[in-house]
Amino acid sequence: MDFSGTWKVYSEENLDEFLKIIGAPEIVVKMRKDVKPVIVIEQKGKDFTYTMKTPFFSRVNSFTIGKESEISSVDGRKLKCTVREENGKLICETDRFTCVREIQGDEMIEVRKFKRELPEMSFVSKRYFDFHSAGF
């Protein structure tokens, strides 16, 4: 499955509750209610660069399928993870959460399930630019 492209998040579930539970400042919680991030994924074989952008910050994570990588979580903490591909889905497991990312039609769905008693958090994005179709 080719995840390359620029994706605009249009739907989020349980993000506010999650941010409050992890202790995010109230200004961040309020800002995220109104700001939907853009996600840029560059995939070259098994190598990925995943960038989440908002007007207030950008976060870049790089990883290779099957190799341990260091990533930044939603709250900015550094975590070790190994991403695997299973049935066209990217699955990232850390000691804090499991993230499953998949493409369904023109949507990318990302679901994070936390090991602690936090709500499941999900994002749904639509692809609005495809690197490969544009010749990149």
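## Cysteines

Cys92 is buried, at a relative accessible area of 10% (buried: under 20% relative accessible area, exposed: over 50%, partly exposed: in between; 1.4 Å probe, protein chains only). A disulfide needs a pair of cysteine sulfur atoms within 2.5 Å. Searching the whole structure gives zero disulfides. Cys99 is in none either; the nearest cysteine sulfur, that of Cys92, is 6.1 Å away. Cys99 is buried, with a relative accessible area of 5%.

## Model and conventions

This is a predicted model, in which local features need pLDDT of at least 70, side-chain atom pairs count only at pLDDT 80 or more, and totals for chains, interfaces and linings use all residues. Residues are numbered from 1 along each chain as its sequence is written, and side-chain values use heavy atoms, with hydrogens and water left out.

## Overall fold

The protein chain has two helices and 10 strands (DSSP runs numbered from the N terminus; helices are H or I with at least four residues, strands E with at least two). Their order along the sequence is β-α-α-β-β-β-β-β-β-β-β-β.

Of the 136 residues, 46% are buried. Among contacts with a separation of 6 or more, 42% join residues 24 or more positions apart (contact: heavy atoms within 4.5 Å). The accessible surface is about 7,500 Å², with 49% belonging to carbon and sulfur atoms (Shrake-Rupley method, 1.4 Å probe; for residues, only the protein chains shown count as cover).

## Aromatic cluster

The whole structure holds two aromatic pairs (ring centres of Phe, Tyr and Trp, its six-membered ring, within 6.5 Å; planes under 30 degrees apart are stacked, over 60 edge-to-face, the rest tilted). Phe3 and Phe48 pair edge-to-face, 6.4 Å centre to centre, with 65 degrees between the planes. Phe3 lies in the segment before strand 1 (5-13) and Phe48 in strand 3 (residues 47-53), 45 residues apart.

Phe48 and Phe63 are stacked, at 5.0 Å centre to centre and 10 degrees between the planes. Phe63 is in strand 4 (residues 58-64) and Phe48 in strand 3, so this pair ties together parts 15 residues apart in sequence. Phe3, Phe48 and Phe63 form one aromatic cluster. Phe48 is buried at 4% relative accessible area; Phe63 counts as buried at 9%.

## Charged residues

The charged end of Arg112 sits over the ring of Phe97, 5.1 Å from its centre (NZ of Lys or CZ of Arg within 6 Å of the ring centre and within 35 degrees of the ring normal).

Glu107 belongs to strand 9 (residues 107-114). Glu107 is buried, with a relative accessible area of 18%. Beyond residues up to four places away in sequence, Glu107 touches Trp7, Tyr10, Glu102, Val124, Ser125 and Lys126.
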